[in-house]
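Please look over the sequence and the model before reading on.

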Amino acid sequence: MNENDDLFPLPSDGTYKGLRRVLTYGTFDLLHYGHVRLLRRAAQLGDYLVVAISTDEFNAGKGKKSFYSYEVRKEMLESIRYVDLVIPEYSWEQKVDDVKKYGIDVVVMGGDWAGSERFEYLRDYCDVVYLDRTPGISTTQVKQNLNKSVPGSAPAAPADDAAADDATDEDEA
Ligand code: C2G
């Protein structure tokens, strides 16, 4: 049993298999299907998904102000079935500590971060995986569409066949 076991609920039957632990970072403001599809695919890379979401103060440091506060964004992420734990992201420098504290095996980010020095150095501590971004949707675009206040201007969510397969698998389980 390692020191992180109190962080991860053990199966009720007492069997304890080594959990493969996944970690991702983001703001996740105005939650949309691009975020959800990232989280679903990240969760599929392991047994337990930790999401570190940017605090309002950290965002201010990036010159960003989210529409929803940290507390609201945290509540929304905790309601997603793919997410097991939500923690605060308060600095660029916390990632190694997060990987060690939560026993992370793989850090996952969207492809817009591929090769970034913000993540590549983590390869000394865990795997690093970049997943394709979902095209045609972003928090910025949602805000622009809302500002245009054109009814029905929200982009239609393209079919997510992988999720359908995922759902079918769940149903068959
Ligand atoms: N994402 C995606 N497809 C989209 C939009 C976002 O796959 N259409 C992914 C991003 O690549 C990111 C995650 O969803 O991995 C969260 O996106 P943001 O909230 O925009 O996160 P970001 O501003 O990139 O913050 O320390 C890193 C930062 O916290 C990342």
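## The shell around the ligand

In this predicted model, the shell around the ligand is made up of 8 nonpolar, 8 polar and 6 charged residues. There are 22 residues around the ligand, and those that come nearest are Phe28, Glu89, Asp112, Thr134 and Ile137.

Ser54 has an N or O atom in its side chain at 3.4 Å from an oxygen atom of the ligand, whereas in Gly26 a polar backbone atom lies 3.5 Å from a ligand oxygen atom. On its own the ligand has 630 Å² of accessible area, and the protein covers 93% of this area.

## The pocket and its elements

The ligand sits in the largest pocket. Two or more residues of the shell around the ligand come from each of the elements β1 (21–26), α1 (33–43) and β4 (106–110), and the largest share, 3 residues, is given by α1.

## Aromatic pairs

A pair of aromatic rings is described by the distance of the centres and the angle of the planes. The structure holds 5 aromatic pairs, and one of them, formed by Phe58 and Trp92, is edge-to-face, with 5.1 Å from centre to centre and 70 degrees between the planes. This pair links distant parts of the chain, since Phe58 belongs to helix α2 (residues 56–61) and Trp92 to the loop between β3 (85–89) and α4 (95–101), with the two residues 34 residues apart.

Definitions and conventions
Residues numbered from 1 in each chain as written. Predicted model: local features only at pLDDT ≥ 70, side-chain atom pairs only at ≥ 80, totals over all residues. Heavy atoms only, no water. Near = heavy atom within 4 Å. Polar contact = N/O pair within 3.5 Å; in protein donor to acceptor, adjacent residues only side chain to side chain. Areas by Shrake-Rupley, 256 points an atom, 1.4 Å probe, with all protein chains shown as cover. 1 Å grid on protein atoms, 1.4 Å probe; cavity = no way out; pocket = protein on both sides within 12 Å on 5 of 7 lines; lining within 4 Å. Sits in = over half its atoms within 2 Å of the grid points. Helix = DSSP H or I, 4+ residues; strand = E, 2+ residues; numbered from the N terminus. Nonpolar A, V, L, I, M, F, W, Y, C, P; charged D, E, K, R; others polar. Phe/Tyr/Trp six-rings, centres within 6.5 Å; stacked < 30°, edge-to-face > 60°.
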